[in-house]
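Reader: I would like to learn how to read the features of a two-chain model, taken one at a time.

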Amino acid sequence: MNTIETIQEEIIQEFSMFEDWMQRYEYMIDLGKSLPIIAQEYKTEVNIIKGCQSKVWVHAELKENQIYFTADSDAIITKGIIAILIRVFSNQHPKDIMESSTDFIDKIGLKEHLSPTRANGLVSMIKQIKMYAVAFQTQLN
Amino acid sequence: MFDVKYIRKDFPILSREINGNPLVYFDNAATSQTPQQVIDVIVDYYSRYNANIHRGVHRLSQEATEAYENARATIQKHFNIAYPYEVIFTSGTTESINLIASGYSPSLKKGDELIISAMEHHSNIVPWQMLCEKTGAVLKVIPMTEQGTLEMNIYEDLLSERTKLVFVNHVSNALGTVNPIQEIIDKAHGFGAKVLLDGAQASPHIKADLQALDVDYYVTSAHKLCGPTGVGMLYGKSVLLNELPPYQGGGEMIASVTFEKTTYADLPHKFEAGTPNIAGGIAFGAALDYMNAIGFEKIAAYEAELLAYATNKLTKIEDLKIYGEAPQKTAVISFNVGRIHPYDIGSILDQMGIAVRTGHHCAQPIMDFYKIPGTIRASFSFYNTFEEIDLFEIGLRKAVKMLQ
C-alpha cells in the first residue's frame with residue numbers, strides 16, 4: 001500500500017519535472033478539469049466550505065478502517081489542488097492522516113494557494129480532512 | 001503637464017518584479033500605492049519628532065501637535081469643510097461609519113427608517129443592520145439596474161418622514177458607478193433625513209466639495225489616496241456632531257473627569273479618544289498635498305483615458321462581460337470571461353505579476369444581483385500606463401486560453 005509519505009514524494013517528483021509555473025498550472029488545470037471527484041448527492045450545504053473566493057465541498061466515509069474523501073470546487077485551480085490532496089489523503093488510515101504533514105504543498109510551488117489570504121477554502125479543507133481523521137479515529141478506538 | 005513616466009518615479013514599489021515580470025498593479029480600488037514623498041514624511045516623523053500630541057509642553061510634542069493639526073487643516077481645505085474641528089481623525093472608513101452608527105443608536109426608535117443603496121460595500125451595510133437590530137429601525141434598499149445604476153424613482157418612493165438617515169457610496173467599489181449624490185442628498189433633506197456619503201472609492205478620483213454638496217457626513221480612508229493604512233476621516237456638520245454621544249471613552253476626549261461625572265471635550269477631541277495614529281494623520285495630509293500638486297482634474301482626465309483604452313481592449317475578448325456600465329464611472333472594470341471562475345484567472349494573472357482583485361469585493365449583494373460568484377476587478381490609478389494595460393490584455397488572453 002502507498003503511504004501518505006510515498007505519495008507525497010511521488011507528487012514532488014512529478015512537479016520537479018515542470019520547467020516553469022505555466023506547466024505547473026496547466027497540469028493542475030488538467031487535473032481540475034478531468035476529475036469528477038464528488039457525487040452530486042454530497043454537494044450539499046452541509047459539506048460546503050465557503051471561501052471568500054471559491055467554494056469547496058468535502059465528503060468523507062470510513063470503509064474498512066480507511067477514509068475515502070471526495071471533494072469538489074467551483075474554481076478549476078482549486079479543484080486541481082483538491083485532486084492532489086485527495087490523492088494524498090484518501091484511502092488512508094485515520095491515524096496516518098492525523099500524523100501527516102502538508103509541507104509537500106510548499107515543495108511543489110503551490111504554497112500561495114494555501115495562504116489564508118487566498119480565502120479559497122483550501123486551508124479549511126485541510127483542517128476538515130484532519131478533523132474527519134480525528135473523528136473516525138475516535139470511532140475506531 | 002501630466003507625465004506618467006515622471007510620476008511613476010515617485011512610487012518605489014512600481015519598480016518591483018514578480019516572477020521576473022514587472023509588477024502591474026491594478027488593485028488600486030483596494031489600496032493605492034504610496035509615493036516616496038509620503039513615505040519620507042512618516043520616516044521624518046519617527047526620526048525627528050515622534051511624541052504624543054496635545055498634552056506635552058516639550059518641543060517634540062509641540063512639533064508633532066502642529067504637524068497633526070496642519071494635516072487636519074489640509075483635509076479641511078481639500079474637502080472645502082467649514083471648520084477644522086469638523087474633521088475627525090479615525091482609523092478609516094469603517095470606523096467612521098461605525099462611529100456614526102453608534103452615535104445614532106440612542107435616538108433611533110422602532111419604525112424609523114434608514115435607506116442604503118444596493119451597491120454598498122459590506123462596511124456600509126453591516127453597521128446599519130446591527131443598528132437596526134438594536135433599535136428596531138428598518139433598513140430600506142435602493143435597488144439597482146442591470147447597468148449598475150441606482151433606481152432613483154424607487155429612492156423617491158422609499159423616502160418619507162420616517163426616513164432618518166440615508167447612506168450611499170459616492171462611487172461603488174465593485175462597479176465603479178458614480179452615483180447621483182447631489183440628487184440623493186437634496187431629496188433626503190426634503191424629508192429632513194441626514195445623508196452619510198461613503199467617499200472611500202470616490203475620493204482618489206473626485207475632489208468632493210462638502211459644503212457645496214451640503215452633505216451631513218462624509219467618510220474616507222487615507223490609504224485609498226496614496227496615504228498609509230490605519231487612518232481615515234469622518235466629516236460631520238458640527239451641529240450634528242455636537243448632538244452625538246462620544247464613540248469611545250478614554251484620554252484626550254474629556255474636559256474633566258471625576259468619579260461622579262465626566263464632561264466631554266469639544267470637537268474634534270470628543271471623538272478622538274486615546275493616542276491617535278499621529279504619523280498616519282500627518283502622512284494623510286502629505287498624501288493630499290501630493291495628489292493636489294498633480295491636480296485632481298488632471299488625474300481624473302488621465303484615468304478616464306486609461307478606462308476607455310482598457311474597456312475597448314477588453315470588450316474585444318470573446319465572452320468577456322463587464323459588470324457596471326454606468327455612463328459615469330471611475331477607472332474600474334469588473335468582469336468575467338465566459339464561465340471561468342474569477343479565482344482561476346486571478347491566480348494565473350498573479351503568476352505573471354499582474355495584481356487584480358477577484359471575488360465578491362465585500363459587496364455580496366451585487367454579486368447576488370448578477371447571480372455570479374464574483375468578478376475580476378481591474379482598477380486603475382494615475383500612475384498606471386497604457387503599456388500596463390497592454391500587458392494585462394496579453395496576460396488575460398493567455399489565462400483564458402489556459403483555462404478554456
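Predicted model: local features only at pLDDT ≥ 70, side-chain atom pairs only at ≥ 80, totals over all residues.

Reader: What is the mean pLDDT of chain B?

Author: pLDDT is the predictor's confidence in each residue, from 0 to 100. For chain B the mean is 95, and 100% of the residues reach 70 or more. For the complex, the predictor gives an ipTM of 0.88 and a pTM of 0.92.

Reader: How many residues of chain A are in contact with chain B?

Author: Two residues are in contact if their C-beta atoms, placed from the backbone, lie within 7 Å. By that rule, 13 residues of chain A are in contact with 14 residues of chain B. On the chain A side, α2 (21-34) and α3 (76-89) of chain A are the elements that give two or more residues. Here helices (H or I, at least four residues) and strands (E, at least two) are DSSP runs, numbered from the N terminus. The most comes from α2(A), with four residues. By class, this side of chain A has seven nonpolar, four polar and two charged residues. Ala, Val, Leu, Ile, Met, Phe, Trp, Tyr, Cys and Pro count as nonpolar, Asp, Glu, Lys and Arg as charged, and the others, Gly among them, as polar.

Reader: In what order do the strands of the chain A sheet stand?

Author: Two strands pair if DSSP finds at least two bridges between them. In chain A, three strands form an open sheet in the order β1-β2-β3, with antiparallel pairing. β1 (48-50) and β3 (66-73) of chain A are the edge strands, each pairing on one side only. Neighbouring strands are turned by 25° against each other on average, direction ignored. β1(A) and β2 (residues 55-63) of chain A are joined over three bridges, and Ile48(A) has Trp57(A) in β2(A) as its bridge partner.

Reader: Which helices lie across these strands, and at what angles?

Author: Axes are lines fitted to C-alpha atoms, for helices over the stretch in contact, and angles run from 0 to 180 degrees between N-to-C directions. α3(A) lies across β2 and β3 of chain A, at about 175° to β3(A). Helix α6 (residues 122-140) of chain A lies across β1, β2 and β3 of chain A, at about 20° to β2(A). The axis of helix α1 (residues 4-16) of chain A comes within 8 Å of that of α3(A), and the two cross at roughly 145°. In this contact Ile4(A), Ile7(A), Gln8(A) and Ile11(A) of α1(A) meet Ile84(A), Arg87(A), Val88(A) and Phe89(A) of α3(A). These residues divide into six nonpolar, one polar and one charged.

Reader: Why is one side of β13 and of β16 in chain B left without a neighbour in the sheet?

Author: Four strands of chain B form an open, antiparallel sheet in the order β13-β14-β17-β16. β13 (320-323) and β16 (357-359) of chain B stand at the edges with a single partner strand each, so one side of each has no neighbour in the sheet. β16(B) pairs with β17 (residues 375-379) of chain B over three bridges, with Arg357(B) opposite Arg377(B). Helix α12 (residues 342-351) of chain B lies across β14 (332-337), β16 and β17 of chain B, running at about 155° to β16(B).

Reader: How is chain B divided into domains?

Author: Domain bounds come from an automatic or database domain assignment. That assignment gives domain 1 (4-28 + 295-403) and domain 2 (39-293) of chain B. Their C-alpha centres lie 28 Å apart. The contact takes 21 residues from domain 1 of chain B and 22 residues from domain 2 of chain B.

Reader: Where are the cis peptide bond and the positive phi in chain B?

Author: The bond from Leu267(B) to Pro268(B) is cis, with omega near -5°, and Pro268(B) lies in the loop between β12 (262-264) and α10 (278-294) of chain B. Asn80(B), a residue other than glycine, has a positive phi near 45°. Asn80(B) is in the loop between α3 (59-78) and β4 (87-90) of chain B.

Technical notes. Residues numbered from 1 in each chain as written. Chains lettered and ligands numbered in written order.
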